[in-house]
Amino acid sequence: IKSKLPDTMLSIFTQMSALAEKHQAINLSQGFPNYPASPELIALVNTYMQKGYNQYAPMAGMMALRERIAQKIDVMYGLDVHPETEITITAGATQAIFTAIATLIRPGDEVIIFEPAYDSYRPSVELFGGKVVPIRLLAPDFKIDWESVRAAVTDKTRLLIINNPNNPSTKMLRRDDLMQLESLLKQSEAFLLSDEVYEHIVFDNRAHETILAYPSLRERSYVVASFGKLLHTTGWKLGYVIAPSVLTNEFRKVHQFNVFSANTPMQLAIADYLKNSDNYLSLPSFFQEKRDFLTQGLQGSPLRVINSESTYFLLVDYSAVSQLSEFDFAKYLTEHYAVATIPVSAFYSASCEQNLVRICFAKDQTTLAKAIDLLHKIV
Ligand code: PMP
Ligand code: GLN
């Protein structure tokens, strides 16, 4: 068969999780929590299943959940979003991203992405004949040089994809970045896909700059979120997309033949669970404790931590102990020290070696303590 994605391989997350299993290593590679989700939330799902909510949800999602999302956005940012015309529930952020790209991209369109980039962006663009134009950002700051972005925009640029807060760099865009983006897009017809799945996981009292707060950006954007990150339930595969009604209409045309609708009882349970705003406002402190525990725990080890601003990841520099490539070092760490991580080079399309691996700290205290012990043994 002539592959539509000849260069696409098994994702690095799948590869490293499999390697972790093979070597019985602590899996700090693929990003997912290893502690239980809220019993209250699980009980709600059960209740709704038992009450008989087991059939198709409306195509755009249960209204109770869309209304709750609108309320959450008001609590978080003081912004209005219309549940009927601007919010669509999806089967995870991945489907929202894929469907938004399918909605917009035609053969020959150019799509600007920032690397390190989440792995689903490129293949999704290429499936629809789009051409990815990567802009490379480097450690330790991963700062965007907006002049180089301006230079990359052409009359073929159909879409820019940003991921803020960023996986894997852990950096967050500042107000100044968003203003630069606003000014840059004034001269372009391009759309924006803003992957904000880590919006609730930000540290040291930083404020997340959502695209929704920038009217001239919001009017041309799909903003994507994930309940997997918010509720510690990555296996539920639920998320949502927010866009102005014109863009939402086009999105739903594709969505209805992509998945049609997402899981009914879970949508209803989440709508109830998020009534209590503590259930999302408590995330920064919950994860900051884990970040601090791991950061402090690694002091005195050969791994140098790059301060994590957001997400449930942190990057470590291993150049004090090894000159292996990032992939080989991640493999070596899994095989010899029983800790699996992700090479940051996997998030770049062309070779980029910075002696960095990504560690996921969405883990219980015991697991993190065990990993810290093992990582101190590296010689
Ligand atoms: N975008 C980014 C940056 C992510 O890290 C992830 C999950 N790892 C996703 C999208 C996908 O989210 P979901 O699991 O809801 O599909
Ligand atoms: N987004 C997760 C991560 O960055 C992985 C999700 C996946 O395996 N597709 O680790």
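Reader: What share of the 379 residues of the chain counts as buried?

Author: In this predicted model, 45% of the 379 residues count as buried. A residue is called buried here if 20 or more other C-beta atoms lie within 10 Å of its own.

Reader: Which secondary structure elements does the chain contain?

Author: The chain comes to 16 helices and 13 strands. Its radius of gyration is 20 Å, close to the 21 Å that the globule rule gives for 379 residues, so the chain is as compact as a globular protein of that length. Along the principal axes, the C-alpha trace spans about 55 × 55 × 50 Å.

Reader: How much of the contact pattern comes from residues 24 or more positions apart?

Author: Among contacts in the chain with a separation of 6 or more, such residues account for 74%.

Reader: In which sense do strands S3 and S4 pair?

Author: Strands of a sheet pair through backbone hydrogen bonds, either parallel or antiparallel. Here S3 (residues 110–115) and S4 (residues 131–136) pair in the parallel sense, over six bridges. Within this pairing, Ile112 stands opposite Val133 in S4. Together with helix H6 (residues 121–127), S3 and S4 make a right-handed β-α-β unit.

Reader: What is the order of the strands in the open sheet of four?

Author: The order is S9-S10-S13-S12, with antiparallel pairing. Strands S9 (304–306) and S12 (342–343) stand at the edges with a single partner strand each, so one side of each is left without a neighbour in the sheet. The partner of S12 is S13 (residues 356–360), and these two strands pair in the antiparallel sense over two bridges. One bridge joins Pro343 to Val357 in S13.

Reader: How is the chain divided into domains?

Author: Domain 1 takes in 12–30 + 282–376, whereas domain 2 takes in 39–279. Their centres, taken over C-alpha atoms, are separated by 26 Å. The contact takes 25 residues from domain 1 and 24 residues from domain 2.

Reader: Which elements supply the side of domain 1 that touches domain 2?

Author: Helix H14 (283–297), strand S10 (313–317) and S13 each supply at least two residues of that side. The largest share, five residues, comes from H14.

Reader: Which residues does the UniProt domain annotation cover?

Author: The unreviewed UniProt entry carries the annotation "domain: Aminotransferase class I/classII large", which covers residues 25–373. In the model, this span is 40% helix and 16% strand, and its end C-alpha atoms lie 13 Å apart.

Notes:
Residues are numbered from 1 along each chain as its sequence is written. Chains are lettered from A and ligands numbered from 1 in the order in which they are written. This is a predicted model: local features need pLDDT of at least 70, side-chain atom pairs count only at pLDDT 80 or more; totals for chains, interfaces and linings use all residues. The radius of gyration is taken over C-alpha atoms; the globule rule is 2.2 Å times the number of residues to the power 0.38. A residue is buried if 20 or more other C-beta atoms lie within 10 Å of its own, exposed if 12 or fewer, and partly exposed in between; C-beta atoms are placed from the backbone. Two residues are in contact if their C-beta atoms, placed from the backbone, lie within 7 Å. Two strands pair if DSSP finds at least two bridges between them. A crossover is right-handed if, with the strands pointing away from the viewer, the path from the first strand over the helix to the second runs clockwise. UniProt positions are given in the numbering used here, feature names are shortened, and annotations may be inferred rather than shown by experiment. Domain bounds come from an automatic or database domain assignment.
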